[in-house]
Amino acid sequence: MVDTTPILDIRDLTVKFRSGGQLLPAVDRCSFSIGKGEVLGLVGESGSGKSTTAMAMLGLLPKNAVIEGDAHFGGANILTLPETELTALRGRRISMIFQDPMSSLNPVLTVGEQVAEPLVAHYGLPPMEAQTRALELLDRVKIPDARRRLHSYPNELSGGLRQRVMIAMALACEPELLLADEPTTALDVTVQAQILDLLLDLRDESGLSILLITHDLGVVANFADQVAVMYCGRLMETAPVNTFFDSPSHPYTEALIRSIPTDNGAPRLETIPGSVPKLTDLPPGCPFSTRCQHHFTACDETVPVLREIAPSHFSACVRTPDYA
Ligand SMILES: Nc1ncnc2c1ncn2[C@@H]1O[C@H](COP(=O)(O)OP(=O)(O)OP(=O)(O)O)[C@@H](O)[C@H]1O
Ligand SMILES: [Mg+2]
């Protein structure tokens, strides 16, 4: 049974990027929480604000980002922590697996040095001990011939191996919260399942909580407890995973679910017509209105906010019964 006490509680997170004299709302008043030992799948099309949300948690956004709201972790609002405290937290209590493993690995350090680095930095482990632990971690993320790989440089590894090195680094200090941004996209399906099973084992053993960012609703179905759907920086629907697939409410969620490829690899059943609006050109009212098959006048008049439509099930759509 999952303990639902939030380990991370995000309230009204807003991130705007200063760009070309404008403030672009990449994340707009998003609220959600993750319980201890819970996996929250954050889904949505490209550009919806998933990575921005995760990066904001660790103070990793570029200088043109303006951040508002609260994100409570360990008794503090981590959005306002001084850099020294964030540095102590990052990689130790909260780790991140970055979307792009190549740009996040240091090309001039060996794999062993990089996986050992957080252990040396946070726990002051002597180099030999840190290397032994690094070897265990490489084994754990199923890197073949791990002892030899300790001495490899990132450019000597395939994309899939680099992604596994990133995962080993993120797990090195046994964090309480893992922000996993498309952690398995470069991996083939079998290794992907092995890695996600490993994360679930860690969740079961140590209560690891995971923000699992993915485009893949199959991964969500198999590995998440809760699901949050983002579109143009806004949360459209949040629900326990079974509710999400059995009784989706928001037209965007329904469209996403309809577009899941079938098991036998047949072409998509249906793609969502139209494209995601640019942040510089958002429609008035609901951001999904330009693609929504249920669109009517009220959708242009107000930006819908999440309303609880059933226990733990929230949707941001003016069509939901009793939306006022
Ligand atoms: N530094 C920046 N300056 C201006 N706009 C930015 C910046 N970083 C991101 N954006 C914009 O913010 C929006 C959200 O981007 P983000 O990378 O969070 O999306 P995402 O959901 O992670 O997409 P993907 O699935 O492609 O990884 C996009 O419109 C992106 O172009
Ligand atoms: Mg992203």
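How many Å separate the centres of domain 1 and domain 2, taken over C-alpha atoms? The separation is 28 Å. Keep in mind that this is a predicted model, where local features need pLDDT of at least 70, side-chain atom pairs count only at pLDDT 80 or more, and totals for chains, interfaces and linings use all residues. Residues are numbered from 1 along each chain as its sequence is written, while chains are lettered from A and ligands numbered from 1 in the order in which they are written.

Let's start with the division of the chain. Domain 1 covers 6–93 + 175–315 and domain 2 covers 104–174, with bounds from an automatic or database domain assignment. Across the boundary, 15 residues of domain 1 are in contact with 14 residues of domain 2 (C-beta atoms, placed from the backbone, within 7 Å). Helix 8 (residues 189–206) gives the largest share of the domain 1 side, 6 residues; helices are DSSP runs of H or I, at least four residues, and strands are runs of E, at least two, numbered from the N terminus.

Now turn to helix 7 (residues 159–171). Here 11 of 13 residues are buried (20 or more other C-beta atoms within 10 Å of a residue's own, these atoms being placed from the backbone). Those buried residues pack against several elements, including helix 4, helix 5 (127–140) and helix 8.

Helix 4 (residues 111–123) meets helix 7 at about 25°, with axes 7 Å apart; axes are lines fitted to C-alpha atoms over the stretch in contact, and angles run from 0 to 180 degrees between N-to-C directions. The pair is therefore roughly parallel (angles under 35 degrees). V111, Q114, V115 and P118 of helix 4 touch V165, A168 and M169 of helix 7.

Key. Angles under 35 degrees count as roughly parallel, over 145 as roughly antiparallel, 65 to 115 as roughly perpendicular and the rest as oblique. Two residues are in contact if their C-beta atoms, placed from the backbone, lie within 7 Å. A residue is buried if 20 or more other C-beta atoms lie within 10 Å of its own, exposed if 12 or fewer, and partly exposed in between; C-beta atoms are placed from the backbone.
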